[in-house]
Amino acid sequence: MTTLIFNTDKALDMDPKIDSALEQIVQPTRRHFLSQSAGLSLGAIALNGLLGQEALGGATPQRNPSGGLAHLPHFAPKAKRVIFLTQSGGPSQIELFDEKPNLHKLEGTELPDSVRKGQRVTTMTSGQKQLIMAPKAKLYRCGESGATVGEWLPHIGAIADDLCFVKSMQTDQINHAPAMTLLLSGHQLPGRPSMGAWASYGLGSLNRDLPDYIVLVSKMKRPTDQPLYEYYWGSGFLPSRHQGVRFRSGSERVLYLNDPTGLPRSLRRDMLDSLGELNQLKLASAGDPEIETRIRQYEMAYRMQTSVPELADLSQESEATFDLYGPDSRRPGSYASNCILARRLAERDVRFIQLFHPDWDHHGNLTALCPTRCRDVDQPTAALITDLKQRGLLEDTLIVWGGEFGRGVAGQGDFKSLEAGRDHHPRCFTMFLAGGGTKAGTTYGQTDDFSFNVVENPVHVHDLQATILHLLGIDHRRLTYRHAGLDMRLTGVEEHHAVEGLIDNGKGARRAL
């Protein structure tokens with residue numbers, strides 16, 4: 001066995017292997033120094049630079065009692081909560097809202113280049129002529145406001161004076177996933193926080209027994225080929241406790257919420273208390289915000305064991321309520337049933353409620369498929385707005401209805417055939433708002449004679465996002481989160497604004513613009 005003699009140069013000179021070993025002992029690497037002496041690692045240093053302001057070593061923003069940012073709201077909000085009725089696939093504004101009677105005279109003619117202006121189409125119609133297809137449904141003037149609503153939406157037409165129609169919506173994206181991601185998160189690529197996550201982060205919760213952000217996806221009667229990605233309601237770079245919680249349509253609304261059979265609730269409480277103490281110790285040493293999220297979510301799940309079953313028990317609803325929401329309202333997971341559940345969530349002050357109803361992507365068989373989707377949503381949507389109004393909740397609940405883009409004026413396939421449809425169209429589409437400080441009985445914006453271009457009061461999806469935040473009392477330019485060295489925000493870096501023409505400032509106008 002070799003003996004190391006540290007105070008004898010001769011011993012070091014005699015054995016090069018010993019010399020090398022001593023060099024490693026006496027001169028530790030920077031990685032060894034940082035991890036052992038300073039309690040850090042290179043990975044932790046890199047992570048500290050990449051994570052947001054609440055990450056390792058970052059300043060944690062002050063929060064108010066509801067868990068929101070202490071300096072929010074920026075001004076008095078008009079809405080306390082949002083119900084976003086997301087129609088995934090792109091409903092056709094031409095059949096449903098944007099009346100263009102002259103298209104009947106132009107049917108079968110090619111869309112003029114002066115109108116198209118180089119607008120790209122998808123590969124599904126790029127190989128055919130852009131021949132105009134007239135509307136397949138009649139549109140009628142409704143209510144005192146005179147808003148135009150298609151015959152396939154009679155119940156929505158009946159409450160037109162409670163709605164604020166935006167006919168000049170615009171987006172930058174022509175395909176579903178990028179367009180929906182842009183609409184909901186402010187960027188076409190996945191990874192950004194959704195609108196509901198931003199609302200949760202900024203304003204916090206009004207109900208400690210339910211999540212700030214709840215998602216309900218329609219259970220369709222037939223299989224759907226249109227995916228709904230979970231990042232649509234994700235938290236992105238925000239702490240994960242702000243992501244949407246999806247409720248299922250079955251008997252178990254939230255998976256793994258119930259205790260195993262035979263486990264006493266007191267034992268669960270003791271276990272969570274002990275686990276919370278361990279997590280608090282780890283949080284104090286590591287400073288990782290996701291540990292805080294874990295602590296909060298364990299406690300939230302414990303409270304949801306009581307709150308969710310009571311919430312989801314629709315047997316408490318009257319026969320009159322089911323009649324109001326329509327024949328499909330008793331089917332668990334249907335859009336109608338989810339609308340009843342959305343009203344119950346609004347009553348319990350959940351901050352952001354989002355319903356997803358897919359299958360509006362009608363490239364073919366438009367005359368059969370579009371009326372079917374309209375029957376799914378027409379009566380329940382009108383019932384939800386009417387129900388909230390009767391209960392005094394519409395005034396401070398913002399309703400948003402619409403999809404990621406519209407449909408083109410040209411027919412896809414043979415425009416004369418019943419099997420014809422319409423391709424995607426980003427340049428103009430229609431959405432509507434209700435309640436929450438919006439201007440009821442108003443139609444805002446205007447398109448050209450082809451429902452192809454906006455000619456008055458364009459509203460980009462970022463402007464819509466800014467308007468929704470404004471109604472919640474938030475200046476969209478001042479709600480930011482430090483990530484990757486940038487102050488990120490929902491509406492991006494371009495110049496966008498809340499649309500004053502959609503906001504009721506007490507003048508009570510009832511008109512079509």
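**Entry 1: the cavity**

I looked up which element gives most to the lining of the largest cavity, and the largest share, four residues, comes from β9. The model is a predicted one, in which local features need pLDDT of at least 70 and side-chain atom pairs count only at pLDDT 80 or more, while totals for chains, interfaces and linings use all residues. Residues are numbered from 1 along each chain as its sequence is written, and side-chain values use heavy atoms, with hydrogens and water left out.

A cavity is a set of points, on a 1 Å grid over the protein atoms alone, where a 1.4 Å probe fits but cannot get out, and its lining residues have an atom within 4 Å of a point. Searching the whole structure, I find one cavity of 30 Å³ or more. The largest cavity holds about 110 Å³ of space, where a volume is the space filled by probe spheres set on the points, and grid points are joined across faces, edges and corners.

Of the 15 residues that line the largest cavity, V121, Q130, G408, A410 and F452 are the closest to its centre. I also note that β9 (406–412) and β10 (421–425) each supply at least two residues of this lining. By class, the lining has five nonpolar, seven polar and three charged residues; Ala, Val, Leu, Ile, Met, Phe, Trp, Tyr, Cys and Pro count as nonpolar, Asp, Glu, Lys and Arg as charged, and the others, Gly among them, as polar.

**Entry 2: two helix pairs**

How are α9 and α16 placed to each other? Helix α9 (residues 176–185) and helix α16 (residues 461–471) pack at an angle of about 30°, with their axes 8 Å apart, and are therefore roughly parallel (angles under 35 degrees). Axes are lines fitted to C-alpha atoms, for helices over the stretch in contact, and angles run from 0 to 180 degrees between N-to-C directions. L182, L183 and L184 of α9 make the contact (heavy atoms within 4.5 Å) with V461, H462, L464 and Q465 of α16.

The axes of helix α12 (residues 289–312) and helix α14 (residues 335–347) come within 10 Å and cross at roughly 130°.

**Entry 3: confidence**

I last checked pLDDT, the predictor's confidence in each residue, from 0 to 100, and the mean for the protein chain is 89, with 87% of its residues reaching 70 or more.

How values were computed
Angles under 35 degrees count as roughly parallel, over 145 as roughly antiparallel, 65 to 115 as roughly perpendicular and the rest as oblique. On a 1 Å grid over the protein atoms alone, a cavity is a set of points where a 1.4 Å probe fits but cannot get out, and a pocket is an open set with protein on both sides within 12 Å along at least five of seven lines; lining residues have an atom within 4 Å of a point.
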